[in-house]
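Trainee: I would like to learn how to read helix packing, chain interfaces and salt bridges in a model. Could we go through one together?
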Amino acid sequence: MLELNQLSIRFSGDARHLFSPLSFEVAPGEVAAVMGPSGCGKSTLLAAIAGTLSRCFTASGEIVLNQRQLLKLPQARRRVGILFQDDLLFPHFNVEQNLRFALGDVSRDEAERRIAQVLEQAELSGYQQRDIGHLSGGQRARVSVLRSLLAEPELLLLDEPFSKLDKALRAQFREFVFAQIKAMNIPALLVTHDHDDVPHAAQVHALQ
Amino acid sequence: MRGLFAFGLFTLIISITAVLPAQANWQEIEQRADGQTVYFNAWAGSENINSYIRWVAQRVKQEHGIELKHVKISDTANVVSRIIAEHASGREQGGSVDLLWVNGENFRTLKQAQLLYGPFAELLPNLALTDQQSASLQYDFSEPVAGMESPWGGAQLTFYYDSERINQPPRLMAQLLEFAKQHPGQFSYPAPPDFYGTTFIKQALWEWMDDPALLQLPANPERFQQHTAALWRFLDQLHPLMWRAGQVQPNGAGQMQQLVNDGELTLAFTFNPNEPASSVEQGRLPDSVRSYTFAGGTIANTHFVAIPFNSSVPQAAMVVANFLLSPEAQARKADLNHWGDPSILDMRKLDAEQRALFVAQQHPAMLSAEDRARTLAEPHISWLELLEAEWLRRYGK
Amino acid sequence: MTRIDGRWLGVFPALTLLVMLVPLLSGLWYTLLPSFGYLPSLGFEQWSLQAWQALFAHPLTLQASGLSVLSGVLSSGLALISALYVLSHCYHRASWRWLQRAFAPMLAVPHVALAIGLVFLLAPSGWVLRSLSPWLTGFSYPPLWQSVQDPYGLSLVLALWLKELPFLLFMLAVAAGQLPLNASLAVGQSLGYSRAQVWWRVIIPQLLPRVRLPMLAVLAFACSVVDVAQVIGPTKPPTLAVLVWQWFSHSDVSFRLMGAAGALWLLALIGSVLLVYLWLERHYLRWSLDWQLNGRRHRPRSDKPAGLLVAAAMLLAGLAMVVMLIWSFAWRWRFPDMLPQTWQLGTWQQAAEFAYSPFSQSLLLALSSVLLSLLLCIGCLEYELHSDRARALRWSKLFYLPLLVPQVAFLFGLQVQLLKWQLDGRWLGVIWAHTVFVLPYVFLSLADNYRGFDQRYMQAAVSLNHRPLLSFVQIKLAMLAKPIAVAIAVGFSVSIAQYLPTLFIGAGRFSTLTTEAVALASGGDRRITAVMVILQSLLPLLVFSLAQLTTPKRVFKPFSWTFHVRT
């Protein structure tokens with residue numbers, strides 16, 4: 001469960017807020033959406049939740065994830081996964097190594113088993129040793145999602161992850177991501193400016 | 001009985017110590033030198049000198065347990081600067097230089113600034129093997145040595161030429177001018193304040209002055225122009241006929257030697273009378289090189305080693321200086337296959353065994369005995385500054 | 001790496017500024033005092049303007065100043081123009097990869113080695129004329145030419161140009177990598193301009209501000225270099241830097257006051273040259289705007305002249321190296337033979353006897369100063385990410401100061417300072433002195449690539465494995481492996497080439513390949529000089545080739561070790 005309580009962000013040393021304070025909850029398995037035109041502070045909001053906020057900004061209010069107050073925690077201890085609009089797969093690793101990076105301290109056999117399992121779910125069986133540069137855009141996007149989820153985050157942030165994909169791929173990938181989130185049963189927060197990306201019946205918050 | 005023997009030995013030692021304090025002192029010095037590290041700052045432009053110093057390091061290690069480190073320098077003046085800077089910052093102990101190869105201006109600078117340790121030379125047992133009465137050991141460029149440095153070798157301005165290109169080399173400055181007219185571009189000298197360059201100027205002045213004896217006295221600034229007028233006339237004529245029309249001059253004896261080897265120069269000079277011969281032996285000069293001096297003789301001087309005031313191991317430095325004066329070290333130094341720098345020892349003071357260490361040197365490129373005998377003393381040091389300044393004014397650009 | 005643990009990184013810029021500025025400022029201070037007659041240790045305690053008067057009354061000062069400025073400006077200007085020209089024709093073309101590989105060794109070879117090699121090559125008795133004589137030229141003895149050490153300093157300009165061209169090309173390529181080049185070229189060419197025209201009208205105006213610092217460093221270096229000018233520069237008069245150096249090392253210590261004044265005069269001259277360059281750079285855009293927008297289209301011009309220029313530069317540098325190699329195996333080699341009459345291995349054997357210690361000392365000095373510099377640079381660049389970017393950029397400019405101030409202007413003063421702290425002649429002092437010159441180059445070659453790193457990779461990594469430090473090493477450093485390796489190589493060759501700092505601060509007790517090479521070059525044996533120069537070039541060449549081979553994948557084999565490290 002993610003709870004935002006009067007969360008607002010302002011420039012350090014400046015009273016102006018980027019948007020009016022936000023308060024809402026996201027239940028496990030649910031995808032909430034935050035919408036607004038570009039430049040309204042969507043990505044900054046995600047940075048505040050993920051723990052990567054630049055020093056130029058100051059966040060106030062509360063972010064509570066499964067009873068943990070996030071705002072004072074360093075990024076490394078928040079257990080928040082992020083999907084960016086770029087897949088950000090590490091170019092010097094192959095598919096298996098990228099996925100292995102997200103896995104915790106598990107044995108080699110266990111790691112291999114789980115990687116094979118998730119690749120199969122994503123219809124990428126046998127892609128373990130593939131070089132990142134040799135994957136198609138859709139394949140990369142899927143590996144990127146798998147990687148985020150293998151880290152077992154308690155919350156997934158989606159920073160316009162579909163915007164760079166072409167139309168046909170986009171719908172398919174969207175369904176894949178939402179299904180994965182449902183299966184993991186974690187809350188997710190989607191930032192987008194495209195209504196098509198928002199799942200049916202999801203709560204939508206506009207930034208002002 | 002044994003006790004009596006020990007007592008006898010004891011009294012013997014006491015009496016020797018009483019009679020010969022210097023020798024006992026020397027033993028003490030040698031004891032204190034054991035295990036010390038000596039940083040010997042010496043010009044390192046020549047690999048045969050460097051390799052000779054490596055040999056010295058091996059020997060003093062064996063004999064005295066001294067670790068000798070050759071600090072390789074390209075210009076002794078830099079080391080003088082460093083010693084001055086150390087003094088400037090109050091480093092009275094643990095200086096970076098323990099022994100320095102030096103003479104002339106650099107010695108005078110250090111001595112007058114009281115930056116030298118000593119007097120120490122009289123303490124060296126091997127100094128007795130030199131001709132201590134000779135002026136060249138008592139004065140370094142008219143500066144009294146006063147035991148503040150110990151002699152290492154003798155030097156004499158020595159000319160050499162490629163006999164494939166000329167038969168009769170010039171033996172007078174006037175002939176040198178003729179030579180330059182016939183063979184333009186084949187002679188040059190390093191620009192002062194380079195040591196070789198100033199020596200050439202002094203040599204030329206000696207020949208062009210009406211009364212060369214004045215050179216031994218302090219220079220008179222008022223009459224300087226009059227005394228040197230002929231010299232400048234000579235140089236005015238010589239310069240356009242020199243290598244690269246005198247617009248570039250070699251940076252030292254090393255480059256002159258290279259230029260002779262390259263065939264750019266036919267005639268050059270050095271300060272080590274045996275160097276042309278050893279360079280032929282070691283492939284740095286063509287076989288056809290011969291050496292000689294000028295008819296009226298050439299300037300000769302001595303090079304020394306000195307100990308800076310702030311050396312932390314003066315005893316060990318003295319032991320090294322003494323070893324440098326030993327017949328063994330001097331004989332190897334004189335050997336053309338090693339360094340080829342003439343011995344500073346007085347052969348008459350050596351015993352037969354010591355003399356046998358010196359192999360007779362025979363080489364076509366060597367200076368003949370009669371040339372070797374014709375030496376001139378260094379002019380009084382006050383001439384140097386005036387000559388350098390005037391030279392710079394006239395030919396600096 | 002995250003907001004909360006980023007604050008301590010402020011240590012790095014503070015430490016770096018300390019490391020860079022303390023030696024520089026204290027060195028300048030102890031140069032300033034003597035120039036006004038105050039050097040109490042030598043008995044000069046009277047404040048006066050005498051040193052300055054003597055400086056300007058000295059017959060050589062003005063001409064030497066002119067030579068310094070002229071040779072510096074000419075070589076740097078030519079290097080910049082030819083680098084831009086080559087870039088506009090070759091960048092990202094088929095020849096570019098080849099060109100990058102070929103220029104890397106030239107970047108690595110120490111300046112003085114190249115200068116010595118050029119003299120071997122171009123002197124009237126050099127290899128070029130040996131090869132052409134007597135069959136073509138008729139010379140059986142070297143002619144009376146002034147092809148090196150000419151009074152106008154043209155051979156000096158050539159040597160400097162040859163060394164600066166690859167450096168500027170390298171810096172320009174790094175800067176160009178930060179621009180949307182392909183898009184600009186595509187748009188420009190679709191509008192009917194030739195590729196080179198797009199470069200000159202669109203890209204180069206954007207590049208110039210980005211290579212401002214390297215260009216200033218090149219200008220300052222070329223105007224103030226001592227060792228190269230000693231080898232291949234004019235002697236009557238020499239350049240001002242050499243003249244000042246001679247005064248500093250004159251055995252008559254009163255010359256030191258004039259030396260101090262001369263060093264500051266050189267500093268002032270270089271300062272004006274740099275200001276003029278900045279002014280020109282700023283106004284170039286305005287002046288060239290009309291021309292940029294005049295709408296004229298050219299058909300693409302041939303790339304051949306650019307290729308020829310590069311080929312000529314490389315041929316010259318290559319031959320200079322080859323002729324040194326030949327000399328090192330020669331016994332006797334007289335004019336006009338094209339090759340030595342007799343060969344030998346003796347010089348190399350001789351070198352083997354003593355080269356170990358200078359070799360290892362060079363290596364150790366270079367490694368320690370480069371690693372120290374790298375640590376500080378990476379720390380500073382990380383700090384930038386966590387602080388106000390604009391402010392960080394402003395103070396990081398201070399790192400470059402040691403490159404803009406002539407070495408002769410502060411090394412003597414620095415020596416006095418280090419003596420006071422008992423740091424001269426010690427490892428720490430010498431490593432420090434090297435770092436002062438290595439760090440700016442490491443920063444220069446690393447900063448653009450480092451700043452260009454997409455920090456979201458780090459955010460993704462930390463969100464995945466929750467270990468900032470491990471992610472930093474495995475992801476950020478690994479992905480930046482190539483630029484880091486190149487920065488190491490650049491820093492390494494800078495350290496290897498240091499002559500004055502090693503000599504001054506090391507109290508002569510540190511013999512490196514460079515100090516040995518310069519000491520031997522003052523002697524008469526070209527063969528041993530050649531050996532030392534080859535050895536001196538070999539180390540940086542080796543490191544540069546390693547850097548060329550570096551890729552993130554090679555550096556990093558993830559399953560071999562990293563994933564099983566528990567933190």
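Trainee: What covers the buried residues of α4(C)?

Mentor: Keep in mind that this is a predicted model. The cover over the buried residues of α4(C) includes α3 (61–90), α7 (154–176), α14 (304–329), α23 and α26 of chain C.

Trainee: Which residues of helix α4 of chain C are buried?

Mentor: Helix α4 spans residues 94–108, and its buried residues are C:W96, C:L99, C:F103, C:A104, C:M106, C:L107 and C:A108.

Trainee: Two of the covering helices are α23 and α26 of chain C. How do the axes of α23 and α26(C) cross?

Mentor: In general, two packed helices are described by the angle between their axes and the distance between the axes. Here, the axes of α23 (residues 481–497) and α26 of chain C come within 8 Å and cross at roughly 175°. Angles over 145 degrees count as roughly antiparallel, so α23(C) is roughly antiparallel to α26(C).

Trainee: Which residues make the contact?

Mentor: From α23(C), the contact residues are C:K482, C:A485, C:V486, C:A489, C:V490, C:F492, C:S493 and C:I496. From α26(C), they are C:Q536, C:L539, C:P540, C:V543, C:F544, C:A547 and C:Q548. By type, the residues of this contact divide into 11 nonpolar, 3 polar and 1 charged.

Trainee: Now the interfaces. What area is buried between chain C and chain B?

Mentor: The size of an interface is often given as the accessible area lost when the parts come together. Between chain C and chain B that area is about 5500 Å², with carbon and sulfur atoms giving 49% of the total. C:K236, C:R334 and C:R509 supply 14% of the area that chain C buries against chain B, more than any other three residues. As for contacts, 60 residues of chain C touch 69 residues of chain B.

Trainee: And what is the area between chain A and chain C?

Mentor: About 3200 Å² is buried there, and carbon and sulfur atoms give 61% of that. On the chain A side, A:R55, A:H92 and A:F101 lose the most area to chain C, together 25% of what that side buries. The contact involves 34 residues of chain A and 31 residues of chain C.

Trainee: How many salt bridges are there in the whole structure, and how many between chain C and chain B?

Mentor: The search of the whole structure gives 38 salt bridges over all chains. Between chain C and chain B the count is 7. One salt bridge joins B:K72 and C:E516, whose closest N and O atoms are 3.2 Å apart. B:K72 lies in strand β2 (residues 67–73) of chain B, and C:E516 in helix α25 (residues 513–521) of chain C. Another pairs C:E353 with B:R54 at 3.3 Å, N to O.

Trainee: Which residues of chain C form salt bridges with B:D262?

Mentor: B:D262 meets C:R130 at 3.0 Å, N to O, and C:R526 with the closest N and O atoms 2.8 Å apart. B:D262 sits in helix α10 of chain B, whereas C:R526 belongs to helix α26 (residues 526–549) of chain C.

Trainee: Are B:D262 and C:R130 buried or exposed?

Mentor: Both B:D262 and C:R130 are buried, and C:R526 is buried as well.

Trainee: How many salt bridges cross the interface of chain A and chain C?

Mentor: The rule finds 1 salt bridge across that interface. A:D86 and C:R456 meet in a salt bridge of 2.5 Å, N to O.

Key
Residues are numbered from 1 along each chain as its sequence is written. Chains are lettered from A and ligands numbered from 1 in the order in which they are written. This is a predicted model: local features need pLDDT of at least 70, side-chain atom pairs count only at pLDDT 80 or more; totals for chains, interfaces and linings use all residues. Side-chain values use heavy atoms; hydrogens and water are left out. A salt bridge is a side-chain nitrogen of Lys or Arg within 4 Å of a carboxyl oxygen of Asp or Glu. Helices (H or I, at least four residues) and strands (E, at least two) are DSSP runs, numbered from the N terminus. Buried means under 20% relative accessible area, exposed over 50%, partly exposed in between (1.4 Å probe, protein chains only). Axes are lines fitted to C-alpha atoms, for helices over the stretch in contact, and angles run from 0 to 180 degrees between N-to-C directions. Angles under 35 degrees count as roughly parallel, over 145 as roughly antiparallel, 65 to 115 as roughly perpendicular and the rest as oblique. Contact means heavy atoms within 4.5 Å. Ala, Val, Leu, Ile, Met, Phe, Trp, Tyr, Cys and Pro count as nonpolar, Asp, Glu, Lys and Arg as charged, and the others, Gly among them, as polar. Buried area is the accessible area (1.4 Å probe) that two parts lose on being put together, summed over both.
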